[in-house]
Amino acid sequence: MGQNRRSFIKKAGLAGAALAGAARSVAQEAPVPYEILKPKRRPAPGQTLNIAVIGAGGMGTVDVNTALEHEGIRIVAACDLYDGRLEAAKERWGQDLFLTKNYKDILKRKDVDMVIIGTPDHWHKTISIDAMKAGKHVYCEKPMVHSVGEGQELIDAWKASGTVFMVGSQGLSSLGNEKAKELLEAGVIGDINYAEGFWARHSPAGAWQYPVPEDASEKTVDWATYISNTTKRGFDPLRFFRWRNYRDYGTGMSGDLFVHLFSSLHFITSSLGPERIAAMGGLRYWKDGREVPDVLLGMFNYPDSEAHPGFNLSLRCNFVDGTSGSTYLKINGSKGSMNIGWNDITVERNRTVHSDDPFLDAKEKETGTRSDRKQILPPQKMVYEVEKGYKGAHYDHFGNLFRAIREGGQVVEDPIFGFRACAPALLCNDSYFENRFIDWDPVNMKVV
């Protein structure tokens, strides 16, 4: 059945048009042909949406600022456990902003339509469920949950709530991802057989050594609330401000970065996820007391399905990398490959040489000059880049969310999609710390 469905997709009109266009484009040698990716026209907003942020740190602040770039969006409240962030929120977004250290105060407000959850990972599930039960739409930063065991409870709460819930892996909504999905479905690189992704960093901030405020203390930080759902311990500013380094609160490199790659890959391929997971790595450089590695390698086996043939995935993350910032997702197929960025795609297709003239074929056989040995040939190449002035994947991600809220629809990265993207990332951590292979059922979303 899977092969039949895939064959049908590639025989559709889209496939014919895309392949014909690609063939004409890649035939040129210099300059490399390219196509400009243009954002879709969006309807004007029909209503003002009031939003609140729960967790007003780095990512929460970026999320709010991006949301406010859209028309008809107003922030009315902010919650954080550190006084300094609340003060900064009022200076940034207005003196009339409602401030609190208790997120439930925000959920009680009737003027809040949607909440942005930018807290450390160990609070994602609880706040998300409480928000949906209060009738609030939710934008929750990735990963959606802190452990695989939390996923189904959040999904059940979403199904019962009638709210719109979006996970914040913003690259999913990029023009690059959208075009890559179209090209793959059109058969431009053939059937997928392998994919790989890489995140590289080499800086203190990139490796989560975030600054610790001088006034950090139990007077300015609600430490008791912060650790109330995890291990009880004395106040430690590093565990609060550099939380990604500790397993009680964060999900390591895989939960922070691999989940982006899973989200994009699953969107492009329509995959439900891998069936087997393995990881290796180590703490090589940032030996600052953290509990998670700074080099991580993940290997994943994807089964044959209706959406795609079976393939393998390799993911790498390196916080000691001299390239200092390279990131990519590459999909290889039977006819070529795609290097996929949020703002650009490079397609390279295999080139073969053969004769279509039966007379020449016969003559070559007679003289013994014909050889079936393969030759080394340069690939055919096509580059796609976003239109100048494109506001970016993050902007589009919020645009998709706001449109769904206003029109009564849903989003691609809902809790089911979000769980299928974050589960293999979280299981990658389990594989690393438990030193074993882990089998996962991507259809029923459970460990085997």
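Strand β6 (residues 137-141) runs parallel to β7, and four bridges hold the pairing. Within it, V138 has F165 of β7 as its bridge partner. Please keep in mind that this is a predicted model.

**The parallel sheet**

- β6 and β7 belong to an open sheet of six strands, ordered β4-β3-β2-β5-β6-β7, with parallel pairing.
- At the edges of this sheet are β4 (98-100) and β7 (165-168), each of which pairs on one side only.
- On average, neighbouring strands here are turned by 20° against each other, direction ignored.
- Is I51 buried or exposed? Its relative accessible area is 0%, under the 20% cut-off, so I51 counts as buried.

**Antiparallel pairings**

- Strand β9 (residues 276-282) pairs with strand β10 (residues 295-302) in the antiparallel sense, over seven bridges.
- Here R276 stands opposite N301 of β10.
- β10 also pairs with strand β11 (residues 311-318), again antiparallel, and this pairing has eight bridges.
- L297 has R316 in β11 as its bridge partner.
- As background, the strands of a sheet pair through backbone hydrogen bonds, in either a parallel or an antiparallel way.

**Aromatic rings and charges over rings**

- How many aromatic pairs does a search of the whole structure find? The count is 17.
- For Y246 and Y249, the ring centres are 6.5 Å apart and the planes meet at 70°; over 60 degrees counts as edge-to-face, so this pair falls in that class.
- Y246 and Y249 are both buried.
- These two tyrosines belong to a cluster linked by ring pairs, whose members are Y82, W223, Y226, F235, F240, F241, Y246 and Y249.
- The ring of F98 has the charged end of R109 sitting over it, 4.6 Å from the ring centre.
- R276, the residue opposite N301, places its charged end over the ring of F437, at 4.5 Å from the centre.

**The largest pocket**

- The largest pocket holds about 900 Å³ of space.
- Which of its 43 lining residues are closest to the centre? They are G57, G58, M59, G118 and W243.
- Elements that give two or more residues to the lining are α3 (58-67), α4 (83-93), α6 (124-133), α9 (223-226), α10 (237-241) and α11 (252-269).

**Backbone spots worth a look**

- K142 and P143 are joined by a cis peptide bond, with omega about -10°.
- P143 lies in the loop between β6 and α7 (151-161).
- W208 has a positive phi, near 75°, in a residue other than glycine.
- The loop between β8 (192-200) and α9 contains W208, and this tryptophan is buried with a relative accessible area of 0%.
- M445 is not a glycine either, yet its phi is positive at about 55°.
- M445 is found in the loop between β16 (438-441) and β17 (446-447).
- Why does M445 count as buried? Its relative accessible area is 14%, and buried means under 20%, so M445 qualifies.

Methods. Residues are numbered from 1 along each chain as its sequence is written. This is a predicted model: local features need pLDDT of at least 70, side-chain atom pairs count only at pLDDT 80 or more; totals for chains, interfaces and linings use all residues. Side-chain values use heavy atoms; hydrogens and water are left out. Two strands pair if DSSP finds at least two bridges between them. Axes are lines fitted to C-alpha atoms, for helices over the stretch in contact, and angles run from 0 to 180 degrees between N-to-C directions. Rings of Phe, Tyr and Trp (its six-membered ring) pair if their centres lie within 6.5 Å; planes under 30 degrees apart count as stacked, over 60 as edge-to-face and the rest as tilted. Buried means under 20% relative accessible area, exposed over 50%, partly exposed in between (1.4 Å probe, protein chains only). A charge sits over a ring if NZ of Lys or CZ of Arg is within 6 Å of the ring centre and within 35 degrees of the ring normal. On a 1 Å grid over the protein atoms alone, a cavity is a set of points where a 1.4 Å probe fits but cannot get out, and a pocket is an open set with protein on both sides within 12 Å along at least five of seven lines; lining residues have an atom within 4 Å of a point. Grid points are joined across faces, edges and corners, and a volume is the space filled by probe spheres set on the points.
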